[in-house]
Amino acid sequence: MSAVPRSEKPAGRFRRMLDRLSSSQEDLESEELREDSQTAGCIRIGDCQDRQIVTVTGTLRTVTLRPRAGVPALEAELFDGSAALDVVWLGRRSIVGIEPGRKLIASGRVSMSRGRRVLFNPKYELRPLGRE
C-alpha cells in the first residue's frame, strides 16, 4: 500500500471512467458545479465566512416567497457542489429568470442567519440556459 490516498493520486483514463460509473448522479452534478465555480473565478460557498464580501456561482435549487417582518421576500437556495447559500431579495415577490434549475452568479456580503449563509439583495447575473 502506498502512503498517498487514492484521491490524491493522479488518475488514469480508466480510473476516471470507473469513478464516474460508480458515482451517483448527485455526486456527478456536485463535481460539475464545483468545477464551474472554479472556472468562473468565484469562491466556493463552503469557503465563505460571515461578513465576507464574495462572488459565488451555482444552481438555484428552490425559489420561494417568504415574508420577512411583514415585507415580501423572494428567497432562493443557491448550490455550488460544496454547500448551499440562501439568496434573499427583500421587497420582491418575483424576479424574471429566478427559477429552480437556473444558474447564476451572485455578489454581496455573506451573513449568517439561523446557522445558514445568506446573501441579502445581491448583485446577480443570470447564466445562459443549456450548455455554455
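1. Contact here means heavy atoms within 4.5 Å. The structure is a predicted model, in which local features need pLDDT of at least 70 and side-chain atom pairs count only at pLDDT 80 or more, while totals for chains, interfaces and linings use all residues. Residues are numbered from 1 along each chain as its sequence is written, and side-chain values use heavy atoms, with hydrogens and water left out.

2. Arginine 102 is placed in the loop between β3 (84-90) and β4 (103-113); helices (H or I, at least four residues) and strands (E, at least two) are DSSP runs, numbered from the N terminus. Beyond its neighbours within four places in sequence, arginine 102 is in contact with Gly58, Thr59, Leu60, Gly97, Leu126, Arg127 and Leu129. Of these, leucine 126 is 24 residues away along the chain, and its C-alpha atom is separated from that of arginine 102 by 7.6 Å.

3. Is arginine 102 buried or exposed? Arginine 102 counts as buried because its relative accessibility is 13%, where buried means under 20% relative accessible area, exposed over 50%, and partly exposed in between (1.4 Å probe, protein chains only). The side chain of arginine 102 reaches the backbone oxygen of arginine 127 at 3.1 Å.

4. Aspartate 86 lies in strand β3 and counts as buried, at 15% relative accessibility. Its side chain makes a polar contact with the side chain of arginine 116 at 2.8 Å. A polar contact is a pair of N or O atoms within 3.5 Å; within protein, one must be able to donate a hydrogen and the other to accept it, and residues adjacent in sequence count only if both atoms are side-chain atoms. Leaving aside neighbours within four places in sequence, aspartate 86 is in contact with Ala76, Glu77, Arg116, Arg117, Val118 and Leu119.

5. Arginine 116 also forms a salt bridge with glutamate 77, the closest N and O atoms being 3.1 Å apart. Glutamate 77 lies in strand β2 and arginine 116 in strand β5 (residues 116-120), so this pair ties together parts that are 39 residues apart in sequence. Glutamate 77 counts as buried at 15% relative accessibility, whereas arginine 116 is partly exposed at 35%. A salt bridge is a side-chain nitrogen of Lys or Arg within 4 Å of a carboxyl oxygen of Asp or Glu. Salt bridges link Arg61, Glu77, Asp86 and Arg116 in a network.

6. The count of salt bridges comes to 6. Among them, arginine 66 and glutamate 75 meet through their side chains at 3.1 Å, N to O. Arginine 66 is partly exposed, with a relative accessible area of 44%, but glutamate 75 is buried, with 8%. Another salt bridge joins arginine 44 to aspartate 47, with the closest N and O atoms 3.3 Å apart. Both partners are partly exposed: arginine 44 has a relative accessible area of 36%, and aspartate 47 has a relative accessibility of 38%.

7. The largest nonpolar core has 18 residues, and those with the most contacts inside it are Val56, Leu78, Leu85, Trp89, Ile98 and Leu119. The elements giving two or more residues to this core are β1 (53-65), β2 (73-79), β3 and β4. A nonpolar core is a set of buried Ala, Val, Leu, Ile, Met, Phe, Trp, Tyr and Cys residues joined through side-chain atoms within 4.5 Å. Apart from neighbours within four places in sequence, isoleucine 98 is in contact with Leu60, Val63, Leu74, Trp89, Leu104, Tyr124 and Leu126.
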